[in-house]
Amino acid sequence: MEKNDKRGYDSKYKNKTSKLYKSKDIHELMLFFEKDNQPFYLGGTTKGYIRRLAIQRIVDDCKMNHMDPAEVTVLDAGCGLGALSVYLAAHRFNMVGVDISDEAVKSCEETARKFGLENKCKFIATSLENIPIADDSIDYIIGHGALHHFIKYEKVPAEFHRVMKDRAKGYFADGFGENKLYHLFHDKKEMEELGDATLTRKLVYQYFRDFEVHLLPTDWFVMLDKLFLKIIPAKQRGLIRKLSSIHFKLDRKINTNSVTLYLSGAVLTEIINHKDTASTRFFQVVENLN
Ligand SMILES: C[S@@+](CC[C@H](N)C(=O)[O-])C[C@H]1O[C@@H](n2cnc3c(N)ncnc32)[C@H](O)[C@@H]1O
């Protein structure tokens, strides 16, 4: 793959800003983002909850290891318009947002500047295959809706391995293609144009074969939200959210096993970097996230 092959990402982002940009101040931005991260039945988006789980893992891990966010560097892989980076910067993390699109990065910088967070966020327009930052400089990687895009770039895991500290962790929140309903809601034409992939267990394990990998599937029925949004008129959104509350609660009761894995609508992929890669091949496990 050519380094400058952007596969149409620039045109997707031209003249766009994150919807957080409209917030009047940083407090409004934080509230707005947190509402987005709520389960769908509580007013969030259908994608927000899995992002919240990724954030929570990093926050909890920092607490457990007595790490002050102000001393922690997080790489936002495929940062898009930068909402996640700006939000985490507002929580005092030092952010490095990387996106292949110059247009996206321009917009990220504008948003960070507007909220006075430009010193906590560094945005870089480059492919994740070549990140111009020092070896062993990253404590965590986070990616929202990004792994299924950059997974087509084979050199990215080696680059993650280089920039991550020993035992550093990465969390990638995505839809999961083992769930057959997933395929109903994805624009096949756009997927083909962008060359993005449908995540499966095999694909994820193969891609991150030199890392310890934990696959954390969740939201067995999340695709029902999307189905209801498609078939029930938009003015009935209240009813759709009510229906969602039922299956969200049911979801919490389901444990991961070889059958339910194939129903999961979303997955959080956790990777742990071991500088001594020889020891990691045995760590590919599916765990329960609910
Ligand atoms: C669906 S968007 C997700 C954006 C953002 N994380 C969010 O939650 O809104 C996927 C992003 O991955 C970026 N991307 C795809 N391949 C990449 C690569 N090789 N290196 C860096 N970014 C890449 C795209 O430009 C796009 O912004």
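In the predicted model, the buried residues of helix α3 are Gly48, Tyr49, Ile50, Arg51, Leu53, Ala54, Ile55, Ile58, Asp61 and Cys62. The helix covers residues 48-64, 17 residues in total. From the first C-alpha to the last, α3 reaches 24 Å, close to the 24 Å expected at 1.5 Å a residue. Arginine 52 also belongs to helix α3; because its relative accessibility is 32%, arginine 52 counts as partly exposed. The C-alpha atom of arginine 52 is separated by 9.8 Å from that of phenylalanine 33, the two residues being 19 residues apart along the chain. Just after α3, histidine 66 adopts a positive phi of about 50 degrees.

Two arginines likewise have positive phi values. Most residues other than glycine have a negative phi. Arginine 92, although not a glycine, has a positive phi of about 80 degrees. This residue, arginine 92, is placed in the loop between α4 (83-90) and β2 (94-99), and it counts as partly exposed because its relative accessibility is 42%. For arginine 167, also not a glycine, phi is positive at about 75 degrees. Arginine 167 is located in strand β5, residues 164-175. With a relative accessibility of 55%, over the 50% cut-off, arginine 167 counts as exposed.

The ligand is surrounded by 15 residues, of which the closest are Tyr13, Gly78, Asp99, Leu128 and His144. By class, this shell consists of seven nonpolar, seven polar and one charged residues. A nitrogen atom of the ligand lies 2.8 Å from a backbone N or O atom of glycine 78. A polar backbone atom of isoleucine 100 is found 3.1 Å from a nitrogen atom of the ligand. In the case of histidine 144, an N or O atom of the side chain is 2.8 Å from an oxygen atom of the ligand. Taken alone, the ligand exposes 600 Å², and 88% of that area is buried by the protein. Helices α1 (9-13) and α6 (147-150) are the elements that give two or more residues to the shell around the ligand.

Aromatic contacts were examined next. A pair of aromatic rings is described by the distance of the centres and the angle of the planes. Across the whole structure, a search finds 10 aromatic pairs. One of these pairs is formed by tyrosine 41 and phenylalanine 248, with 5.3 Å from centre to centre and 45 degrees between the planes, a tilted arrangement. Tyrosine 41 lies in the loop between α2 (26-36) and α3, whereas phenylalanine 248 lies in helix α11 (residues 237-251), so the pair ties together parts that are 207 residues apart in sequence.

Histidine 214 is situated in strand β6, which comprises residues 212-218. Its relative accessibility is 11%, so histidine 214 counts as buried. The side chains of histidine 214 and glutamate 212 are joined by a polar contact of 2.8 Å. Between the C-alpha atoms of histidine 214 and threonine 269 the separation is 6.0 Å, although the two residues are 55 residues apart along the chain.

Terms used
Residues are numbered from 1 along each chain as its sequence is written. This is a predicted model: local features need pLDDT of at least 70, side-chain atom pairs count only at pLDDT 80 or more; totals for chains, interfaces and linings use all residues. Side-chain values use heavy atoms; hydrogens and water are left out. Helices (H or I, at least four residues) and strands (E, at least two) are DSSP runs, numbered from the N terminus. The expected span of a helix is 1.5 Å times one less than its number of residues. Buried means under 20% relative accessible area, exposed over 50%, partly exposed in between (1.4 Å probe, protein chains only). A residue is near a molecule or strand if one of its heavy atoms lies within 4 Å of it. A polar contact is a pair of N or O atoms within 3.5 Å; within protein, one must be able to donate a hydrogen and the other to accept it, and residues adjacent in sequence count only if both atoms are side-chain atoms. Accessible areas come from the Shrake-Rupley method with a 1.4 Å probe; for residues, only the protein chains shown count as cover. Ala, Val, Leu, Ile, Met, Phe, Trp, Tyr, Cys and Pro count as nonpolar, Asp, Glu, Lys and Arg as charged, and the others, Gly among them, as polar. Rings of Phe, Tyr and Trp (its six-membered ring) pair if their centres lie within 6.5 Å; planes under 30 degrees apart count as stacked, over 60 as edge-to-face and the rest as tilted.
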